[in-house]
Amino acid sequence: MIEKGMMKNRQKTRRAKSGLPLLVLPVLALQVPIFSLHAEPLTFAKAVELAETATPAIEARSLVVEAAQSAAIAADQLPDPKLSVDILDRRIAGPFEFSPRPGRNGFPRQRIGISQDIPNGAKRRARAGQAMADITVARANKKALVQDVQLYSALSWIDLHYAQRRLRILEVLQQSLNDVSATVGARLESGVTRPAEAFEPELLIAKLADRRSMRVADIEKARAMLARWTGVDSPETEGALPDFTLDREVLVDTIKELPILDIQDAKVERADADVELARANKRPDFSVNASYAHRRPEYGEYVSVGVTIDLPLFAKKRQNPVIDARILEASAARLEANDLERQLQAELSRDLAENRSYRENWERSKNILLPLAKKQAELERVSYGAGRVDLDTALNAAVAFAEAEIDLLDREATLVRDTVRIKYTYERNQP
């Protein structure tokens, strides 16, 4: 292996000394992943799967659901009973006030009693309905967050994938410019190249280094975001992207099942429960109580039992306005749910139209712009070797081809990113 490498270097040196051009065109099909030390490769599906289990916010939403379920247990239960104790019962005015030995009309007593408030059945059922609506809201919020986390992790994987591919194109171009720079000396000696042209490769290499630094930064930013969603310290992309296709009919049919609409429907359910509770307040609550009173032995002991009933006599100014307000809020919640569904349908149509334009731009670049740039670069390379064009023209053609490759990657990344966004926004149960 070492001997073969030395032979290749000697051949390259001989070509440089002979003045032959070494301009190498970047290859778009080169998609070798750039792995860093201690990197953990992740496929697209694995990254999305890890995000759902590695995001603390999802666990927090699970706890909110459990909290709502726990609160629902007590929602329709009776209030706690109340205990009352009278430990001092002494006359302070009239005959026998403050007398230590009162007569028949002034004896002391001690009393202990218990009471239980009993809300009406409609109120208890309404509170249970509120609790169930809160559970539905919590579950819908969790599903919406899971959908968002899947989308963010998918987009982070895509950003890292294409950032690495862009850097690979620049690295191939830089190697090509280095090879060209090595031939300048021989061509100067032969008189084929003007002295001023000797600086062109170095200038382009310096400019290319600036762009390469930006691409490296893009990779690090994308890796940081992917690590944030997957919990992997140093993630790297592995494998190819899944083949995503958009079916308009399927997307339209699944709009009503989106978590964001589930949240709005849960709010409507909660508003309906609020209406029932407001109406239940027009029905009287009651409480029962019992007490035991202890007196001096010669006067006997007493037991009393009583009932207290609420009297909602002023419903016109108390309960009815609250009921009307809750009914209006429930109607508003329904209108907002309908409006949100219409908005999602309009946004889907808009997104599909925009996605179609992205696909057309990508196909135009792949089928027309890139092949033309490649032919132009090859012709300029041949002309440069034959001495018919100067070095600057040949270099600019090579750079233009690399730019066309990066432009194609940018268009492809835009298309893939937008397609994935639509899939994970309007469809459910993504991998």
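This is a predicted model: local features need pLDDT of at least 70, side-chain atom pairs count only at pLDDT 80 or more; totals for chains, interfaces and linings use all residues.
Side-chain values use heavy atoms, without hydrogens and water, and residues are numbered from 1 along each chain as its sequence is written.

Across the whole structure, 24 salt bridges were found, a salt bridge being a side-chain nitrogen of Lys or Arg within 4 Å of a carboxyl oxygen of Asp or Glu. One of them pairs Asp 159 with Arg 417, with the closest N and O atoms 2.9 Å apart. This pair links distant parts of the chain, as Asp 159 is in helix H4 (residues 121-190) and Arg 417 is in helix H9, 258 residues apart. Helices (H or I, at least four residues) and strands (E, at least two) are DSSP runs, numbered from the N terminus. Asp 159 has a relative accessible area of 29% and Arg 417 one of 35%; both values fall in the partly exposed class, between buried (under 20%) and exposed (over 50%), for a 1.4 Å probe and protein chains only.

Helices H4 and H9 are also linked by Arg 165 and Glu 412, 247 residues apart. The side chains of Arg 165 and Glu 412 form a salt bridge at 3.4 Å, N to O, and both residues are buried.

A further salt bridge joins Arg 223 to Glu 236, with a closest N to O distance of 2.4 Å. Arg 223 belongs to helix H5 (residues 200-230) and Glu 236 to strand E4 (residues 235-237), 13 residues apart. Both partners are buried: Arg 223 has a relative accessible area of 8%, and Glu 236 has 0% relative accessibility.

Asp 247, Glu 249, Asp 253 and Glu 257 form a negative surface patch. Patches consist of residues with over 30% relative accessible area and no salt bridge, like charges being joined within 9 Å and nonpolar side chains (Val, Leu, Ile, Met, Phe, Trp, Tyr) within 5 Å.

Glu 427, by contrast, is buried at 12% relative accessibility and lies in the segment after helix H9 (391-426). Apart from neighbours within four places in sequence, Glu 427 is in contact (heavy atoms within 4.5 Å) with Gln 147, Val 250, Leu 251, Thr 254, Leu 258 and Ile 422.

Technical notes
Accessible areas come from the Shrake-Rupley method with a 1.4 Å probe; for residues, only the protein chains shown count as cover. Lys and Arg count as positive and Asp and Glu as negative; His and the chain ends are not counted. The place of a charge is taken as NZ of Lys, CZ of Arg, CG of Asp or CD of Glu.
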